[in-house]
Amino acid sequence: MADYFVHETAVIDDGCQIASGVKIWHFCHLMPGCVIGENCNIGQNSMIAPDVVLGKNVKVQNNVSIYSGVVCEDDVFLGPSMVFTNVVNPRSAVNRKDQFRKTLVRQGATIGANATIICGCEIGRYAFVGAGAVVTKSVPDYALVVGNPARQTGWMSEYGHRLHFDEEGKAVCPESKAQYLLKENKVNKI
């Protein structure tokens, strides 16, 4: 007996690897070869394509399609109706399945509602992609990006708070009290 929940309207193809504690909601489709880590939540009307990998505790909100070539590490949040692509120049009459580009979403990253991630990008650890942003290039760890095309406007803590750095390049998360250092345009937790 499975130790995960699948709503009766969901379709789970043979060959999926689904870990314990996973919840798969209404009208989802998981395709062969996808790997779903422990305690993931797959919101209604979502599709997970072949060979997609989701780490532990990934939250996929409603109406998200995750196409082949996407890997999400642990604790990633994918907002409602956000979009991944996997081909740079798709055409209906031209088969480009051999041109899929990989997209990596690092641990703890958040992608906001209705954002679009163009394939071939890496979203850094604990980065925050604002709602509606269109990401056309890789995003550094802890970066906050917004707009179309997405541009960096600041830095975020692991708890999702905007970081304000002092003259020494130090900042403190108001919720966790964790300290961060900004040096040479990179942020690290200290």
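Among the contacts in the protein with a separation of 6 or more, 15% are between residues 24 or more positions apart. The model is a predicted one. Its C-alpha atoms fill a box of roughly 55 × 45 × 20 Å, taken along the principal axes. The radius of gyration is 17 Å, which agrees with the value near 16 Å that a compact globule of 190 residues would have. Of these 190 residues, 41% count as buried.

The secondary structure comes next. The protein has 25 strands and zero helices. Nine of the strands make up an open sheet with mixed pairing, and their order is E1-E4-E7-E10-E13-E16-E19-E21-E22. At the edges stand strand E1 (5-6) and strand E22 (151-155), each of which pairs on one side only. Strand E21, residues 143-146, runs antiparallel to E22, and four bridges join the two.

Leaving aside residues up to four places away in sequence, Leu54 touches Val35, Ile36, Gly37, Cys40, Ile42, Ile48, Val60, Ile66 and Cys72.

The aromatic rings can be followed next. A pair of aromatic rings is described by two quantities, the distance of the centres and the angle of the planes. The count for this structure comes to three aromatic pairs. One of them is formed by Phe5 and Trp25, whose rings are 4.8 Å apart centre to centre with 50° between the planes, a tilted arrangement. This pair links distant parts of the chain, 20 residues apart: Phe5 belongs to strand E1, while Trp25 lies in the loop between strand E4 (23-24) and strand E5 (29-30). Phe5 has a relative accessible area of 34% and is partly exposed. Trp25, at 28% relative accessibility, also counts as partly exposed.

Another pair is made by Tyr126 and Tyr142. Their ring centres are 5.7 Å apart and their planes lie at 15°, so the pair is stacked. Tyr126 is in the loop between strand E18 (122-123) and strand E19 (128-129), and Tyr142 is in the loop between strand E20 (134-135) and E21, so the pair ties together parts 16 residues apart in sequence. Tyr126 and Tyr142 are both buried. Together with Tyr180, they form one aromatic cluster.

The cysteines remain. A disulfide is a covalent bond between the sulfur atoms of two cysteines. How many disulfides does the structure hold? The number is zero. For Cys119, the closest cysteine sulfur is that of Cys121, at 7.7 Å, which is too far for a bond; the cut-off for a disulfide is 2.5 Å between the sulfur atoms. Cys119 has a relative accessible area of 4% and is buried. Cys173 is also buried, with 0% relative accessibility.

Conventions
Residues numbered from 1 in each chain as written. Predicted model: local features only at pLDDT ≥ 70, side-chain atom pairs only at ≥ 80, totals over all residues. Heavy atoms only, no water. Pairing = 2+ DSSP bridges. Phe/Tyr/Trp six-rings, centres within 6.5 Å; stacked < 30°, edge-to-face > 60°. Buried < 20%, exposed > 50% of the residue type's maximum accessible area, 1.4 Å probe, protein only. Contact = heavy atoms within 4.5 Å. Rg over C-alpha atoms; globule rule 2.2 N^0.38 Å.
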